[in-house]
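Please open the model in your viewer, with residue selection at hand.

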Amino acid sequence: MESMADPARAHSSTECRLIGIRADETAGWRCGGLRQIDRLLLALNEAVSRNEELPCAVQICWSGIAPIAFDARRVHHLQIESVAELPSPSEDVAILTTHLVPPRRVTVQQLRERTPGFLLETKSDLAAAEKFLLAQTGKRQDGFVSRLLNRPISRVVTRVLVRLPISPNQWTIGLMIVPLLGALFLMWGDYAGFVLGALLFQLHSALDGCDGEMARLLYAESPRGRWLDGICDRLTTLLYAVSLGLGLSSYPHGWLYLSEGIAAALLIGVAETWLTRAPLQLADDEAQFNQGDQMKVWMMKETGLASAGGKLAALFSQITKRDFFNFGFLLLALLGWPQGILHILAICGIAIAVVAVKSAIASK
């Protein structure tokens with residue numbers, strides 16, 4: 001029933017010039033938030049958009065069902081027409097059916113061969129097909145905390161979210177209520193407040209993956225979504241530092257903790273805002289980094305880590321991921337040492353500032 005060939009492999013040079021789709025009752029079945037006909041057309045559109053030389057003529061034969069309307073704006077690389085009968089399969093003609101659940105980043109040639117994807121036989125197969133799709137929503141840049149803890153949580157939630165009338169960007173904005181609540185608990189200034197606050201920030205770290213998973217499932221990625229996700233990530237970090245400083249301000253010499261939290265927020269906030277405007281450039285290890293990791297990449301270049309070897313770069317990438325920090329901060333809160341969280345944030349801010357000043361002096 002299921003074939004798991006690699007969807008990222010290079011496509012053949014002998015691509016078909018016409019794609020026919022036999023659409024039966026499965027065309028209207030929803031899998032991962034999309035009707036089957038929409039998912040198949042969006043997969044073809046994505047394949048064509050990556051290589052303008054590929055064919056874009058698509059014929060749909062509605063087998064025993066009324067034609068289903070689709071949003072032509074989302075498949076603008078395809079020329080689609082409905083026909084009463086499809087041509088016979090040949091070297092130049094590929095015939096697909098709406099039973100096929102295609103993965104992302106699939107090529108036209110792979111669809112023609114029906115090597116990737118999941119084949120639906122009955123509606124009972126939809127749950128397994130969704131699991132197949134969700135398994136591909138992670139990113140190569142995911143750290144081990146994300147793979148082992150955060151993704152299993154976020155995928156359960158994403159499976160529900162794609163059934164609701166909510167967009168990935170709306171989820172990104174609405175989810176900010178979680179770190180805001182976490183900040184209120186941190187400002188209580190006692191053990192329970194620190195633990196609950198750190199737990200909520202860890203929960204936000206896990207659920208923050210849902211917007212990207214939704215976007216990949218629904219073919220809804222956008223520059224605006226990536227920008228919004230980056231802004232919310234930075235605001236969350238700043239909120240963590242300031243609220244923790246406020247929570248510790250009731251401790252002896254509390255003004256030092258408050259100053260430390262504000263300073264860490266300012267240093268990290270200014271550095272991230274400035275550096276993320278530059279393109280991400282680290283060709284040898286780019287697969288280890290996300291868009292928005294410009295500060296991390298810049299730190300590696302300025303400290304010489306970028307030229308120290310792939311394993312060291314990979315280790316640095318792992319231990320400086322937000323999911324790693326948030327999980328570590330939760331452990332520190334459970335151990336009764338919230339000051340350690342603030343010290344780590346401050347050290348990160350100071351390190352960034354020192355390297356920035358050194359770089360500025362060296363460039364003169």
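What follows is a tour of selections, each with a note on what is found there.

Before selecting anything, keep in mind that this is a predicted model, in which local features need pLDDT of at least 70 and side-chain atom pairs count only at pLDDT 80 or more, while totals for chains, interfaces and linings use all residues. Residues are numbered from 1 along each chain as its sequence is written, and side-chain values use heavy atoms, with hydrogens and water left out.

**The whole chain.** Show the chain as a cartoon, where 14 helices and eight strands are found; these are DSSP runs numbered from the N terminus (helices H or I, at least four residues; strands E, at least two). Of its 364 residues, 49% count as buried, where buried means under 20% relative accessible area, exposed over 50%, and partly exposed in between (1.4 Å probe, protein chains only).

**Glu46 and Arg104.** Nine salt bridges are found in the whole structure, a salt bridge being a side-chain nitrogen of Lys or Arg within 4 Å of a carboxyl oxygen of Asp or Glu. Select Glu46 and Arg104, whose side chains form one with an N to O distance of 2.4 Å. Glu46 belongs to helix H1 (residues 36–49) and Arg104 to the loop between strand S7 (100–101) and helix H2 (108–113), so that the pair links distant parts of the chain, 58 residues apart. Glu46 is buried at 13% relative accessibility, and Arg104 is buried with a relative accessible area of 13%.

**Arg159 and Glu130.** Select next Arg159 and Glu130, a salt bridge in which the closest N and O atoms are 2.8 Å apart. Because Arg159 lies in helix H4 and Glu130 in helix H3 (residues 126–134), the pair ties together parts 29 residues apart in sequence. Arg159 is partly exposed at 27% relative accessibility, whereas Glu130 is buried at 4%.

**The nonpolar patch.** Finally, select Phe144, Leu148, Leu149, Ile153, Tyr191, Phe327, Leu331 and Leu334, which make a nonpolar surface patch of about 720 Å². Helix H4 (144–161) and helix H13 (322–334) are the elements that give two or more residues to this patch, and H4 gives the most, with four residues. Leu334, placed in helix H13, counts as partly exposed at 43% relative accessibility.

Note on methods. Patch = residues over 30% accessible without salt bridge, like charges linked within 9 Å, V, L, I, M, F, W, Y side chains within 5 Å. Areas by Shrake-Rupley, 256 points an atom, 1.4 Å probe, with all protein chains shown as cover.
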